[in-house]
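Hi everyone, thanks for making time. I'd like to walk you through one model today, so let me put it up on the screen.

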Amino acid sequence: MALMITDECINCDVCEPACPNDAISLGAEIYEIDPGKCTECVGHFDEPQCVQLCPVACIPVNPAVVESREQLQAKFVRLQRAAASPAADAATPSTPSASTPA
Ligand code: SF4
Ligand code: SF4
């Protein structure tokens with residue numbers, strides 16, 4: 001699962017620079033996590049860095065974004081590829097088996 005920031009956030013700015021996926025940004029009132037970018041730090045660290053640092057413990061898992069560790073790892077790989085080649089991300093092909101042997 002991706003993580004989320006609750007309204008207990010005190011906007012201390014500590015978590016944003018610690019996120020290896022740039023998933024954290026300041027929203028309208030408090031910091032927010034982009035679930036499309038949060039891997040729970042899978043691929044980078046053993047523990048979620050934002051959770052480790054947050055002084056008010058306001059970063060639980062996001063129950064709306066259910067993902068297995070394998071899916072988080074796949075998201076990590078996808079994000080790495082996108083970072084290495086932004087154009088490739090825009091053209092992310094869905095590649096079903098194109099050839100169907102008769
Ligand atoms: S768990 Fe890791 S990837 Fe997710 S928001 Fe926190 S620091 Fe970023
Ligand atoms: S570390 Fe916690 S309190 Fe500080 S900005 Fe991030 S979510 Fe908010």
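What pattern does the protein follow when read along the sequence? It goes β-β-α-α-α, that is, 2 strands and 3 helices. Please keep in mind that this is a predicted model.

Let's turn to packing. The protein has 102 residues, and 21% of them count as buried. If you take the contacts with a separation of 6 or more, 67% of them come from residues 24 or more positions apart.

Now the core. The largest nonpolar core is made of 13 residues. L3, C15, I24, I33 and C50 have the most contacts inside it. Leaving aside residues up to four places away in sequence, C50 touches L3, C15, A18, C19, I24 and I59.

That brings us to the ligands. Which residues are the closest to ligand 1? They are C19, C38, C41, P48 and C50, out of 14 residues that surround this ligand. The shell of ligand 1 divides into 10 nonpolar, 3 polar and 1 charged.

Over to ligand 2, where 14 residues lie around the ligand and C9, C12, V14, C15 and C54 come nearest.

Notes: Residues numbered from 1 in each chain as written. Chains lettered and ligands numbered in written order. Predicted model: local features only at pLDDT ≥ 70, side-chain atom pairs only at ≥ 80, totals over all residues. Near = placed C-beta within 6 Å. Nonpolar A, V, L, I, M, F, W, Y, C, P; charged D, E, K, R; others polar. Helix = DSSP H or I, 4+ residues; strand = E, 2+ residues; numbered from the N terminus. Buried ≥ 20, exposed ≤ 12 C-beta atoms within 10 Å, placed from the backbone. Contact = placed C-beta atoms within 7 Å. Core = buried A, V, L, I, M, F, W, Y, C linked by C-beta atoms within 7 Å.
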